[in-house]
Amino acid sequence: LVNELYATGDLRERQAVLRALPHLPDAERFLAIALEAVRDHAAPVVEAIACENPYPAVYFSEEAFNQLVLKCLFREISLRRVQGLVRRVNPELRRMVDAYANERRAAGRTVPADVALVRD
């Protein structure tokens, strides 16, 4: 039912499924849905999995979590909204965020202040 709701649901229904994931029994079995949401182009879908949602911090691999953080930066979603970020910081994530910040500076763009959450 959860997979069907996500696959056939409209934007708000997909958001609701993503917000419900951490509360479902055997929540890890829905990892594919959560990972797909990170790749979605609709900002509300990305926010539903990334923001104020404990699911990624608990179930994502290091690589998947790192990609989620970078997606937030690219979508200008505050990293303060990513639950469990501080305890999931790892050397590769620091490297990725530093590269992102350096590219932004080289292009004359601002760097979000909350990248410090990953660097410290």
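Predicted model: local features only at pLDDT ≥ 70, side-chain atom pairs only at ≥ 80, totals over all residues.
Good morning. In this chain, the sulfur of Cys 51 lies 5.4 Å from the closest cysteine sulfur, that of Cys 72, which is too far for a bond. A disulfide is defined as a pair of cysteine sulfur atoms within 2.5 Å, and the structure holds 0 disulfides.

Residues are numbered from 1 along each chain as its sequence is written, and side-chain values use heavy atoms, with hydrogens and water left out.

Are these two cysteines buried or exposed? Cys 51 is buried, with a relative accessible area of 0%, and Cys 72 is buried with a value of 0% as well. Buried here means under 20% relative accessible area, exposed means over 50%, and partly exposed lies in between, using a 1.4 Å probe and protein chains only. Of the 120 residues in the chain, 42% are buried.

Let us turn to the overall fold. The chain has 9 helices and 0 strands. Helices (H or I, at least four residues) and strands (E, at least two) are DSSP runs, numbered from the N terminus. The radius of gyration of the chain is 15 Å, close to the 14 Å that the globule rule gives for 120 residues, so the chain is as compact as a globular protein of that length. That radius is taken over C-alpha atoms, and the rule is 2.2 Å times the number of residues to the power 0.38. The C-alpha trace spans about 45 × 25 × 20 Å along its principal axes.

Among contacts in the chain with a separation of 6 or more, 64% join residues 24 or more positions apart; a contact means heavy atoms within 4.5 Å.

Which residues of helix H4 are buried? In H4, residues 43-50, they are Val 45, Val 46, Ala 48, Ile 49 and Ala 50. The cover over these buried residues includes helix H1 (2-8), helix H2 (11-20), helix H3 (31-38), helix H5 (55-59) and helix H6 (62-74). Just after H4, Glu 52 takes a positive phi of about 50°.

Thank you for your attention.
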